[in-house]
Amino acid sequence: MVETSGRISEETAVKAQARVLTRTNPRFIATLFAVMAAIVLAATQLATAQTRPTSFADLAEKVSPSVVNITTATVVSQDTGPSPMVPEGSPFEDFFRDFLERDGEGQPPRTRRSSALGSGFVISEDGYIVTNNHVIEGADEIVIEFFGDRGELDATVVGTDPNTDIALLKVETDEPLPFVPFGDSDAIRVGDWVMAMGNPLGQGFSISAGIISARGRELQGTYDDFLQTDAAINRGNSGGPLFNLDGQVVGVNTAILSPNGGSIGIGFAMASNVVTKVVDQLQEFGETRRGWLGVRIQDVSPDVAEAMELDSTAGALVTDVPDGPAKDGGMEAGDLILSFAGQDVADTRELVRIVGNSGVGETVRVVVLRDGQTQTLKVVLGRREEALAADESAGGDEDTPAPDVEQSTILGLTLSEMTDELREELGLDAGAEGLVVVAVEGDSQAAEKGIVEGDVITEAGQQRLSSISDLEERIEAARDGGRQSLLLLVRRGGDPRFVALPVDE
């Protein structure tokens, strides 16, 4: 009992001394914190070293069996060369006629087979293969070459989507094929390592590595969502996969930016989260089936936002609502779409993408701003492909002669009230209303905003126009309200857009 009490007393004394030391010795505290910081730094560096690859060999070995080379063949006409010009009545006329007939002149043009090379990757053990649409477009024959000694197989086209440049192929095989899964392209960050694999310049299976340089790149398509990478991508890499370090496909190598046709470190791969939606539809239907809202829209520019008294330029401004889902749901021209199916809408591009990714026949909630108040509409989506096939836009005549009616010059525009003659000249419906632009002053804001002769102004301040006096009243109301500009709805050849013009001109 005495010994135990002694040990307890010693431990208590040591602890007390340590407490005194920490209170009275700042150098001890500083040293303690320095040691702790060094430990944390070492742990961080160790974790970083573990995520930085020292070699891509294991990854390449893992995914190579699923990457394929694609060779296509197309039958094209071949010119037989120029025929000699022989004057009629020449003594050589009969000679050249006999010669050309013997050489095949007058026969159907000769044909030859043109070959092209590209890349792809297997996404299922039963033989579905993803590549670029431009790799196989117009091909009469598609041959898939597998990595190693697996040989070659003929492929058929399941479906294509030119909008995203994606194609789905199928090969028939008795044994399961090695395949690779898709990854989440939204999770990859700028600076993350990636590896590209394919058939560059026809040299066979080859890999290149780099990082993600940028995200969300748009080249020219409505549904573009490209990952930019400095991993070398050359001709023949098209359709090949872009892998993350887990061996998942985060992009389909599609295009490069280059002044000489070779890689300069600016390559683009269509993001996997776009590709998977397309592939699922092609696999199920053989075609894409995108949602369709049925509106014409434009972005909100700063001057339009000022004219509409908005706090920001977010949203998609509806310029026209033809017959279709949006009209059935109660949407109107001038509505500002703020939210679609629970997702905030930043601009027109984002709205088109969200709608396109929605299901045909799906009922969605659309939040719009109308007359300064938000409203929620329910819209049953149609199918975009069917709407585009049925859409025939009529073009207007740019050289519209000025009719013999009273005209007025306002805001740099010479305007005429609508007449039957103008409706006929412009190809408008019998009930079309508005003010026709007869002339535009070259140094005016209206000219800078792209208004031209033949345009029809149907609304001002989001109210319909039927006379010049209506427009003058809207201008005065805008000035009295302290606004610097007035919002006009301008139609050209049936296509509407909003334009904000200064009211002090």
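This note comments on the model above in numbered points.

1. Basis of the model. The model is predicted: local features need pLDDT of at least 70, and side-chain atom pairs count only at pLDDT 80 or more, whereas totals for chains, interfaces and linings use all residues. Residues are numbered from 1 along each chain as its sequence is written, and side-chain values use heavy atoms, with hydrogens and water left out.

2. The chain as a whole. The chain contains 13 helices and 27 strands; helices (H or I, at least four residues) and strands (E, at least two) are DSSP runs, numbered from the N terminus. Of its 505 residues, 40% count as buried. Buried means under 20% relative accessible area, exposed means over 50%, and partly exposed lies in between, with a 1.4 Å probe and protein chains only. The accessible surface of the chain is about 27600 Å², and 49% of this belongs to carbon and sulfur atoms. Such areas come from the Shrake-Rupley method with a 1.4 Å probe; for residues, only the protein chains shown count as cover. Among contacts between residues at least 6 apart in sequence, 62% join residues at least 24 apart, where contact means heavy atoms within 4.5 Å.

3. The barrel. Six strands form a closed barrel in the order E7-E8-E9-E12-E11-E10, with antiparallel pairing; there are 6 strands in this barrel. Neighbouring strands of this sheet are turned by 45° against each other on average, direction ignored. Axes are lines fitted to C-alpha atoms, for helices over the stretch in contact, and angles run from 0 to 180 degrees between N-to-C directions. Two strands pair if DSSP finds at least two bridges between them. As background, strands of a sheet pair through backbone hydrogen bonds, either parallel or antiparallel.

4. Strand E11 and its partners. In E11, 6 of the 8 residues are buried, and the strand is mostly covered. Strand E10 (residues 241–243) pairs with E11 in the antiparallel sense over 3 bridges, and Phe243 has Val249 of E11 as its bridge partner. The hairpin of E10 and E11 has 5 residues between the strands, and Gly247 takes a positive phi near 75° in this hairpin. E11 also pairs with E12, again in the antiparallel sense, over 5 bridges. Gly251 has Ala271 in E12 as its bridge partner.

5. Helix H6. What does H6 touch on the sheet? H6 packs on the sheet by touching E11 and E12, and its direction makes about 50° with that of E12. H6 covers residues 272–285; at 1.5 Å a residue its 14 residues should span 20 Å, and its end C-alpha atoms are 20 Å apart, which agrees. The expected span is 1.5 Å times one less than the number of residues. The buried residues of H6 are Ser272, Asn273, Val274, Val275, Val278, Val279, Gln281 and Leu282. They pack against several strands, including E3 (128–132), E5 (152–161) and E6 (166–171). Gly286 follows H6 and has a positive phi, near 80°.

6. An aromatic pair. Rings of Phe, Tyr and Trp (its six-membered ring) pair if their centres lie within 6.5 Å; planes under 30 degrees apart count as stacked, over 60 as edge-to-face and the rest as tilted. By this rule there are 4 aromatic pairs. One of them joins Phe226 and Phe268 edge-to-face, at 6.2 Å centre to centre and 70° between the planes. Phe226 lies in strand E9 (residues 226–229) and Phe268 in strand E12, so the pair ties together parts that are 42 residues apart in sequence. Phe226 is buried, at 4% relative accessible area, and Phe268 is buried at 7% relative accessibility.

7. Strands E22 and E23. Strand E22 (residues 413–417) is largely enclosed by the rest of the structure, because 4 of its 5 residues are buried. E22 runs antiparallel to strand E23 (residues 435–440), and 5 bridges join the two. Glu417 stands opposite Leu435 in E23.

8. Two buried residues. Gly382 lies in strand E20 (residues 382–383) and is buried, with a relative accessible area of 16%. Beyond its neighbours within four places in sequence, Gly382 is in contact with Arg290, Gly291, Trp292, Pro325 and Val360. Thr458 lies in strand E24 (residues 456–460) and is buried, with a relative accessible area of 9%. Not counting residues up to four places away in sequence, Thr458 touches several residues, among them Glu433, Gly434 and Arg491.
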